[in-house]
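Thanks for coming. Please look at the sequence and the structure on the screen, and I will go through some of the aromatic rings.

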Amino acid sequence: MSFRCTVVITTRNRSGQLRNALQSVLNQDIACEIVVIDEGSTDDTLAVVSETSPAAVVIHNSQPVGIIAARNQAFGVATGDIVFTLDDDAVMPDKGLIRSVLADFEIPFVGAITVPLVDHLPDGSTRRRIPERAPAADFRCAAQFSGGANAIRRDLFLRLGGYVGAGRQGEERGLCLRMLDTGMITKVADGFHIDHFPWSSTGQHRWLYYWSARNSVNYGWMYAPFPDVVAHTLGTWLVHGKATLGKKNFFQPHLGVIAGIGDACWNWRVRKPVSTRAFRAYRQICRKDILELGSLKKILERFQLRLHQETATESRAE
């Protein structure tokens, strides 16, 4: 099967980096549709897109709607079978990256693919977020994909309702959980990576524990079945509180949990809990983060879950 690809880039006031990101997509050895979501930029972003990639589809939001809502917008206008999300401060260094990623979707139970990121930090150092692959018989699977370096089946994304329930990033985990509940998993794109050039983050993560705790509570409220939702909320409180014990930011996770509970009370009607088996299996997968397919299948078997391919084969036999 031949898949068509759309590359989505969400941006705001980073025209210089955006130019590099666009050019790296244009350098791929396969043609792709490009969708740019401009989050209220006041620099020359629109001019850069017009000059670098005249055929790109551009959605200009006069006011920022947030990266989650912006990506939902992009999936709504994309026409590709596979939607590849790329951060505006990242580039694809290998021209065969997208072709390789599309080939991975020939595996019927692969719903999303995460591409390893190599961060090129402002101090000149580098950091690889996913270790190099060791020789193994199975391909690697991930608990969740990176928000700025991933590819997803568009029809699956829309069928699951897209990104929901998160006001400030962190929704990738929720989508991967809902995918698992339908027998679809996230694969690691081995052999390729994406170069990421983040700006200096001094002070940017001042409230990291706050948002991490708040997003975790929101995640549990949205998707955890009862009584797991109660255990998840208490666990979030304990784990995040312990991580900051004796530190200056000790109160951040506690405020985040309280804010998350407030969000849950406000949005109590929008709960979309998955099956108990899927939620508990995914919790085990998240403890591994990266694991081989054989190990993932053992976890699924323990919770009596099957991959999409197995379910489809059984249906055809009937």
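Tyrosine 219 is buried, with a relative accessible area of 7%; buried means under 20%, exposed over 50% and partly exposed in between, using a 1.4 Å probe and protein chains only. This is a predicted model, where local features need pLDDT of at least 70 and side-chain atom pairs pLDDT 80 or more, while totals for chains, interfaces and linings use all residues. Residues are numbered from 1 along each chain as its sequence is written, and side-chain values use heavy atoms, without hydrogens and water.

Tyrosine 223 is buried too, at 1% relative accessible area. Tyrosine 219 and tyrosine 223 are four residues apart in helix α7, so about one helical turn separates them. Helices here are DSSP runs of H or I with at least four residues, strands are runs of E with at least two, and both are numbered from the N terminus.

Why is the pair of tyrosine 219 and tyrosine 223 called edge-to-face? Because the ring centres are 5.9 Å apart and the planes are at 65°. Rings of Phe, Tyr and Trp (its six-membered ring) pair if their centres lie within 6.5 Å; planes under 30 degrees apart are stacked, over 60 edge-to-face, and the rest tilted.

Tyrosine 219 also has the charged end of arginine 173 over its ring, 3.8 Å from the centre. For that, NZ of Lys or CZ of Arg must be within 6 Å of the ring centre and within 35 degrees of the ring normal. Likewise, the charged end of arginine 271 sits over the ring of tryptophan 221, 5.0 Å from its centre.

Elsewhere, ring pairs join Phe75, Phe157 and Tyr163 into a cluster.
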